[in-house]
Amino acid sequence: KEDLNFGEVLNDICRVYLGMLQEFRIELSWNSQNEISFSMRQIDLESVIINMITNAFEQLKGSRRRVIYIQFRQEQENIFLEFEDSGNGVSVDKREEIFRAFVTTKEDGIGLGLNIVKDIVLSYGGTISISDSERLGGAKFLIHFKKEN
């Protein structure tokens, strides 16, 4: 574990994905406060970001409007990671189920990405929830970590 700069990790990963997503006509934008740091393993944060981008990418393949927006922000000791997309969203009755291992909505998916994300988030005392994205009309995943003083 180390104190990670969340903005730097997010920037590095998004830059890697930018070209690939553009080939699929998917717009990726992100925003992060520069001073967010939290003690966790870098591979864990990278796994969360990569799995969330991959999940959004899969949901957007058949959509006309293809947008992914990521925002990291901190309010006092609360750190929020928001992942939004312009896909079909997640129905209320599926919002808990999609975090279970081997549950997938994709034709060729194996159903581990969101399960991995949830396990990592919970291992750091965080929470993850799903709502509708007011900004983009699809799903909004909100991850919350409490920073220790």
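Student: How many Å³ of space lie in the second largest pocket?
Tutor: This is a predicted model: local features need pLDDT of at least 70, side-chain atom pairs count only at pLDDT 80 or more, and totals for chains, interfaces and linings use all residues. Residues are numbered from 1 along each chain as its sequence is written, and side-chain values use heavy atoms, with hydrogens and water left out. On a 1 Å grid over the protein atoms alone, a pocket is an open set of points where a 1.4 Å probe fits, with protein on both sides within 12 Å along at least five of seven lines; volume is the space filled by probe spheres set on the points, which are joined across faces, edges and corners. For the second largest pocket, that space is about 200 Å³.

Student: How many charged residues are in the lining of that second largest pocket?
Tutor: Lining residues have an atom within 4 Å of a point; here they include Lys1, Asp3, Lys146, Lys147 and Glu148. Asp, Glu, Lys and Arg count as charged; Ala, Val, Leu, Ile, Met, Phe, Trp, Tyr, Cys and Pro as nonpolar; the others, Gly among them, as polar. The lining has 2 nonpolar residues, 2 polar, and charged residues numbering 5.

Student: Which element does Gly125, another lining residue, follow?
Tutor: Gly125 is in the pocket lining. Its phi is positive, near 75 degrees. Helices are DSSP runs (H or I, at least four residues), strands likewise (E, at least two), numbered from the N terminus. The helix before Gly125 is α3.

Student: Which elements do the buried residues of α3 pack against?
Tutor: Buried means under 20% relative accessible area, exposed over 50%, partly exposed in between (1.4 Å probe, protein chains only). In α3, the buried residues are Leu114, Asn115, Val117, Ile120 and Val121. Contact means heavy atoms within 4.5 Å. The partners are β3 (37-40), α2, β6 (127-132) and β7.

Student: Asn115 is in α3. Which residue has its backbone oxygen 2.9 Å from a polar atom of the Asn115 side chain?
Tutor: Asn115 is buried because its relative accessible area is 16%. Leaving out residues up to four places away in sequence, Asn115 touches Phe99, Arg100 and Ala101. The backbone oxygen at 2.9 Å belongs to Phe99.

Student: What length does helix α2 reach, first C-alpha to last?
Tutor: Helix α2 covers residues 42-60, 19 residues in total. The expected span is 1.5 Å times one less than the number of residues. That gives an expected 27 Å, and the model comes close to it, at 27 Å.

Student: Which side chain makes a polar contact with the side chain of His144?
Tutor: His144 also lies in β7 (residues 139-146). A polar contact is a pair of N or O atoms within 3.5 Å; within protein, one must be able to donate a hydrogen and the other to accept it, and residues adjacent in sequence count only if both atoms are side-chain atoms. At 2.7 Å, the partner of His144 is Asn78.

Student: What is the phi of Gln76?
Tutor: Gln76 sits in the loop between β4 (67-75) and β5 (78-85). Gln76 is exposed because its relative accessible area is 67%. Most residues other than glycine have a negative phi. For Gln76, phi is positive, near 50 degrees.

Student: What C-alpha distance separates Arg25 and Arg66?
Tutor: Arg25 is in the loop between α1 (6-23) and β2 (27-32). Its phi is positive too, near 55 degrees, and Arg25 is exposed, with a relative accessible area of 64%. Arg25 and Arg66 are 41 residues apart in sequence, yet their C-alpha distance is 6.9 Å.
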